[in-house]
Amino acid sequence: MKKSVLTRYRVMAYVTGVLLVLLVLGMIGKYVLDLDGAADFTRVVSVAHGWLYVVYLVFAFDLGSKAKWPVPKLLWVLLAGTVPTAAFFVERKVSRELESKVVDDPGAVAKA
């Protein structure tokens, strides 16, 4: 597996995770603290998270199919972008697991 596949997933996991945390903070500001401007902030962040979560799904599915994950594990990784902070923990676990399978040079042959 190419390193770029894992890198794309990692970037989108962090982006999705950060946006989801910001969305939760915006919701707290909007509904609990009744802050001015929280509604606009929440609207912008929710749209950004929604679209970028779709990109995360594509990259995570690509990674899972190349890593030959079983369906339950793939679903677990796909849903990590919907639980605040879960994307960070899942990304770290997945990265550690797949580091040995990653090939730096696209022309190199993976070790069996």
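# Close-up views of a predicted model

**Helix α3 buries K73, L74, V77 and L78.** Buried means under 20% relative accessible area, exposed means over 50%, and partly exposed lies in between, using a 1.4 Å probe and protein chains only. Helices are DSSP runs of H or I with at least four residues, strands are runs of E with at least two, and both are numbered from the N terminus. V71, P72 and L79 are exposed on the face of α3 turned away from the buried side. The buried residues of α3 pack against α1, α2 and α4. Contact here means heavy atoms within 4.5 Å.

**How to read these views.** This is a predicted model, in which local features need pLDDT of at least 70 and side-chain atom pairs count only at pLDDT 80 or more, while totals for chains, interfaces and linings use all residues. Residues are numbered from 1 along each chain as its sequence is written, and side-chain values use heavy atoms, with hydrogens and water left out.

**Helix α4 covers residues 86-98.** α4 has 13 residues and reaches 18 Å from its first C-alpha to its last, close to the 18 Å expected at 1.5 Å a residue. The expected span is 1.5 Å times one less than the number of residues. Which residues of α4 are buried? They are A86, A87, V90, E91, V94, S95 and L98. Seen down the axis of α4, these buried residues fall within an arc of 150 degrees, so they line one face of the helix. F89, K93 and R96 are exposed on the face of α4 turned away from its buried side. The cover over the buried residues of α4 includes α1 (3-32), α2 (38-67) and α3 (71-79).

**The largest nonpolar core has 20 residues.** A nonpolar core is a set of buried Ala, Val, Leu, Ile, Met, Phe, Trp, Tyr and Cys residues joined through side-chain atoms within 4.5 Å. Those with the most contacts inside this core are Y9, Y56, L63, W69, V77, V94 and L98. α1, α2, α3 and α4 each supply at least two residues of the core. Now look at V94. What does V94 touch, leaving aside its neighbours within four places in sequence? V94 is in contact with Y9, L63, W69 and V77.

**D62 and R8 meet in a salt bridge.** A salt bridge is a side-chain nitrogen of Lys or Arg within 4 Å of a carboxyl oxygen of Asp or Glu. The D62 and R8 side chains are 2.4 Å apart, N to O. This pair links distant parts of the chain: D62 is in helix α2, R8 is in helix α1, and they are 54 residues apart. D62 counts as buried, at 17% relative accessibility. R8 counts as partly exposed, at 34% relative accessibility. R8, D62 and K66 are linked in a network of salt bridges. A search of the whole structure finds six salt bridges.

An α-helix has 3.6 residues a turn, so residues three or four places apart point the same way. D40 is partly exposed, with a relative accessible area of 47%.

**E99 and R92 are joined by a salt bridge.** Their closest N and O atoms are 3.9 Å apart. E99 is partly exposed, with a relative accessible area of 46%. R92 is partly exposed too, with a relative accessible area of 27%.

**UniProt marks three stretches as "transmembrane region" in an unreviewed entry: residues 12-32, 44-61 and 73-90.** UniProt positions follow the numbering used here, feature names are shortened, and annotations may be inferred rather than shown by experiment. Residues 44-61 are 100% helix and 0% strand, and the end C-alpha atoms lie 26 Å apart. Residues 73-90 are 67% helix and 0% strand, with end C-alpha atoms 11 Å apart. The UniProt annotation "domain: DUF3817", also from an unreviewed entry, covers residues 6-96. Over residues 6-96 the chain is 85% helix and 0% strand.

Notes:
Arc of directions from axis to C-beta.
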